[in-house]
Amino acid sequence: MSIAETADRIVVSVGGECDMSSSDGLASALDAAMESALPVEVDLAELRFLDSSGIHVLVTAYRTAQSRRTTVHVTRATGMVATVLELTGVGALLAPQPQGEW
């Protein structure tokens, strides 16, 4: 997992698996990323597995972002991860805004 700051957002890149044993790391990374007022992008391109604990972390981050008046979006999910996001509705909840609205 890595965190990078660009001019208009914080990018948290997640790889491998996000399950009960690793979701706390994602939660900590997202909480740290939301310390700034910048929107947060969660890049899931390298994530191969996502279970309910990871979904919980993403939804909690969404709620936290709302309370801090910022945003959290997921990008580049593929395969099983994209399917899980779609089936749970979390993909639509955390879909990026149209271009230029970061």
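## Threonine 75 and strand β4

Threonine 75 lies in strand β4 of this predicted model. Its relative accessibility is 13%, and the limit for a buried residue is under 20%, so threonine 75 counts as buried. Leaving aside residues up to four places away in sequence, threonine 75 touches Glu41, Val42, Asp43, Leu44, Ala45 and Pro96.

Glutamate 41 belongs to strand β3. Is glutamate 41 buried or exposed? Its relative accessible area is 10%, so it is buried. What does the side chain of glutamate 41 make a polar contact with? The partner is the side chain of threonine 75, at 2.8 Å.

## The sheet

Strands β3 and β4 belong to an open sheet of four strands, in the order β1-β2-β3-β4. The pairing in this sheet is mixed. β1 and β4 are the edge strands, and each has a single partner strand, so one side of each has no neighbour in the sheet. From one strand to the next, the twist averages 25°.

The pairing of β3 with β4 is parallel and has four bridges. Within β4, valine 74 is the residue opposite valine 42. β2 and β3 also run parallel, and eight bridges join them. Glutamate 17 has phenylalanine 49 of β3 as its bridge partner.

## Helix α1

Helix α1 covers residues 23–33, and its buried residues are Ser23, Leu26, Ala29, Leu30 and Ala33. Why are these residues on the same side of α1? They cover an arc of only 120° around the axis, which puts them on that same side. The elements they pack against are β1 (2–5), β2 (10–18), β3 (40–50) and α2 (52–67). As for its placement on the sheet, α1 lies across β1, β2 and β3, and runs at about 180° to β2.

Glycine 25 is also found in α1. With a relative accessible area of 36%, glycine 25 is partly exposed. Glycine 25 and methionine 1 are 24 residues apart in sequence, and their C-alpha atoms are 8.5 Å apart in space.

## Helix α3

Helix α3 consists of residues 79–88, and Val81, Val84 and Leu85 are its buried residues. These three cover an arc of only 95° around the axis, which puts them on the same side of α3. Gly79, Glu86 and Leu87 are exposed on the other side.

Which elements cover the buried residues of α3? They include β3, α2, β4 (72–75) and α4 (90–93). After α3 comes glycine 89, which has a positive phi, near 85°.

## The nonpolar core

The largest nonpolar core has 28 residues. Those with the most contacts inside this core are Leu30, Val40, Val42, Leu50, Leu58 and Leu85. At least two residues of the core come from each of β2, α1, β3, α2, β4 and α3. Which element gives the most to this core? It is α2, with six residues.

Val42 is another of the core residues with the most contacts. Not counting residues up to four places away in sequence, valine 42 touches Val12, Val14, Leu30, Leu58, Val72, His73, Val74 and Thr75.

## Threonine 60 in helix α2

Threonine 60 lies in helix α2. At 33% relative accessibility, threonine 60 counts as partly exposed. Along the chain, threonine 60 and leucine 30 are 30 residues apart, and a distance of 9.7 Å separates their C-alpha atoms.

Methods:
Residues numbered from 1 in each chain as written. Predicted model: local features only at pLDDT ≥ 70, side-chain atom pairs only at ≥ 80, totals over all residues. Heavy atoms only, no water. Buried < 20%, exposed > 50% of the residue type's maximum accessible area, 1.4 Å probe, protein only. Arc of directions from axis to C-beta. Contact = heavy atoms within 4.5 Å. Polar contact = N/O pair within 3.5 Å; in protein donor to acceptor, adjacent residues only side chain to side chain. Pairing = 2+ DSSP bridges. Axes fitted to C-alpha atoms, helices over the stretch in contact; angles between N-to-C directions. Core = buried A, V, L, I, M, F, W, Y, C linked by side-chain atoms within 4.5 Å.
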